[in-house]
Amino acid sequence: MMWLTFDVSESAPIREALVRFNIAYRIRERPNVVVRPTNAVNPRKAKALAARNMRAEATTAAAVVVVVQPDSEVTLYDLNPPAQANGYTWLFVELGTQYAGYVVEALGDAKSFEALPVEPPPEAVYSVWLTDDEIRQSAQLHTIVAQAEAERMAASQKIKEAHLQLAAILTNALERARPTVLNTITS
Amino acid sequence: MNAGVIGLNIRQGVNNDNVAAYHRDLRPHTSLVHDESKIVPMLQTTGTRVIWRVTGDDPQHNPLAQSPAQFVRRRFEAVGSNGQAIIHLTNEVGQSQAHDTWTLAALAECSRLGIKACIFNHYTHTPYAVWMRSAHVLRAAAAAGCPIGAHVYWNGVFPAHADDDTHGWLRVRDQVGGQWVVTELGYAGRRADGQLDPNQGWQGLISEAAYSEQLGRAAGWYAQHGVPVCLFSWGR
């Protein structure tokens, strides 16, 4: 029974230690969504032509967020200025609402994505009060507001994480401060 | 869902109520259950993700000789068609093209059944290059949301891996993504030739206090890397 010498089930000190460790050390889900960078421009729908790694940063050294499967529908963004690393041009890609990150535009001659036809909007933006230039400027201002909002949400996430870490530290301290309850001795 | 980094690798023949009580205290993210199907829903009720293992998946039983679809279906039926239980595929079988093909077929069967599997569970110190030979299988598992299992045994002071392959699989994860889990974690003795001794655990080598201190290091280290672990082993 080789495994017997590995057994921890009958050790009270190890049990007590494991409970403490699991309060202090917790699994946090790896982030699936990379916040869209402010230099991501020209959003458009596209279809993946081949399986491609989606990475957390625009480099092959970054962690893989997910593998984009062929025929997946995605939203592509160009990066301005272009992101180039490891001999590739990188695009920012959103896959549904669950994943976002960086994917190479092509591997050699093999393009990663094919643009999907653009459907005309049900109603074109038109106003008798605004010139085309004013509508364009308004759209740019909306973009700036949206980017500021994205930055604010990222800051909120950092605050939330810090609060959770503080809560874990306090819970751990509380556990340490809990008095030991001894079994009643009966004889 | 629990989030405690250290779970248990639970042997068959244990007292179900004791295991459940241990889990209510420990609140681990993931534990592995051998053969005792009744324990699976009990632990799931406590908020723990359960990997379900049935004897017959290691090299002595040559699981690759079995139909992968049948292998998966038998285990799924043995756990009462519990769709939340993660089916443990092979154990320390080693890398080969046949193993890769078998695992892809098993994953396809899991997909048909709408369940997840934990693949590979390679032996401790499997080198990075060996893992990467199966990169296409690892990517398929990652895309299917199926966890990838690795075994880690160490001797000395954890993480004691700076110059060896103990955690080569973490570099693999950076290449292929996916959810990884250490399905066996434990302190092991060393044989006279310097190799880790699979027949000698912490008992008789180090004290409970020393092992607890080592496990504290491991807990912090794996939490930092976002990898749940199953401590080998629980139950006599």
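Visitor: What makes helix H1 and helix H2 of chain A roughly antiparallel?

Guide: In this predicted model, the axes of H1 (residues 12-24) and H2 (residues 132-177) of chain A come within 8 Å and cross at roughly 160°. Angles over 145 degrees count as roughly antiparallel, so H1(A) is roughly antiparallel to H2(A).

Visitor: Which residues make that contact?

Guide: From H1(A) come A:Arg20, A:Ile23 and A:Ala24, while H2(A) brings A:Ala168, A:Thr171, A:Asn172 and A:Glu175. By class, the residues of this contact divide into 3 nonpolar, 2 polar and 2 charged.

Visitor: Let's turn to chain B. What closes into a barrel there, and in which order?

Guide: It is built of 8 strands of chain B, in the order E1-E2-E3-E4-E5-E6-E7-E10, and the pairing is parallel. On average, neighbouring strands of this sheet are turned by 30° against each other, with direction ignored.

Visitor: How do you know that strands E4 and E5 of chain B pair?

Guide: Two strands pair if DSSP finds at least two bridges between them. E4 (residues 86-88) and E5 (residues 117-122) of chain B have 2 bridges, in the parallel sense, so this meets the cut-off for a pair. As for the residues involved, B:His88 has B:Cys118 in E5(B) as its bridge partner.

Visitor: Why is B:Ala69 called partly exposed?

Guide: B:Ala69, which lies in helix H3 (residues 68-78) of chain B, has 15 C-beta neighbours inside 10 Å. A buried residue needs 20 or more and an exposed one has 12 or fewer, so with its 15 B:Ala69 counts as partly exposed.

Visitor: What is B:Ala69 in contact with, leaving aside its neighbours within four places in sequence?

Guide: B:Ala105 and B:Glu109 are its contacts on that basis. B:Arg112 is 43 residues from B:Ala69 in sequence, and their C-alpha atoms are 9.8 Å apart in space.

Visitor: Now for the two chains together. How many residues does each chain bring to the contact?

Guide: Chain B brings 43 residues and chain A brings 28 residues. On the side of chain B that touches chain A, at least two residues each come from helix H1 (16-26), helix H6 (135-143), helix H7 (168-176), helix H8 (208-225) and strand E10 (229-234).

Visitor: Which of these elements gives the largest share of that side of chain B?

Guide: H8(B) does, with 9 residues. Taken by class, the residues on the side of chain B that touches chain A divide into 20 nonpolar, 16 polar and 7 charged.

Methods:
Residues are numbered from 1 along each chain as its sequence is written. Chains are lettered from A and ligands numbered from 1 in the order in which they are written. This is a predicted model: local features need pLDDT of at least 70, side-chain atom pairs count only at pLDDT 80 or more; totals for chains, interfaces and linings use all residues. Axes are lines fitted to C-alpha atoms, for helices over the stretch in contact, and angles run from 0 to 180 degrees between N-to-C directions. Helices (H or I, at least four residues) and strands (E, at least two) are DSSP runs, numbered from the N terminus. Angles under 35 degrees count as roughly parallel, over 145 as roughly antiparallel, 65 to 115 as roughly perpendicular and the rest as oblique. Two residues are in contact if their C-beta atoms, placed from the backbone, lie within 7 Å. Ala, Val, Leu, Ile, Met, Phe, Trp, Tyr, Cys and Pro count as nonpolar, Asp, Glu, Lys and Arg as charged, and the others, Gly among them, as polar.
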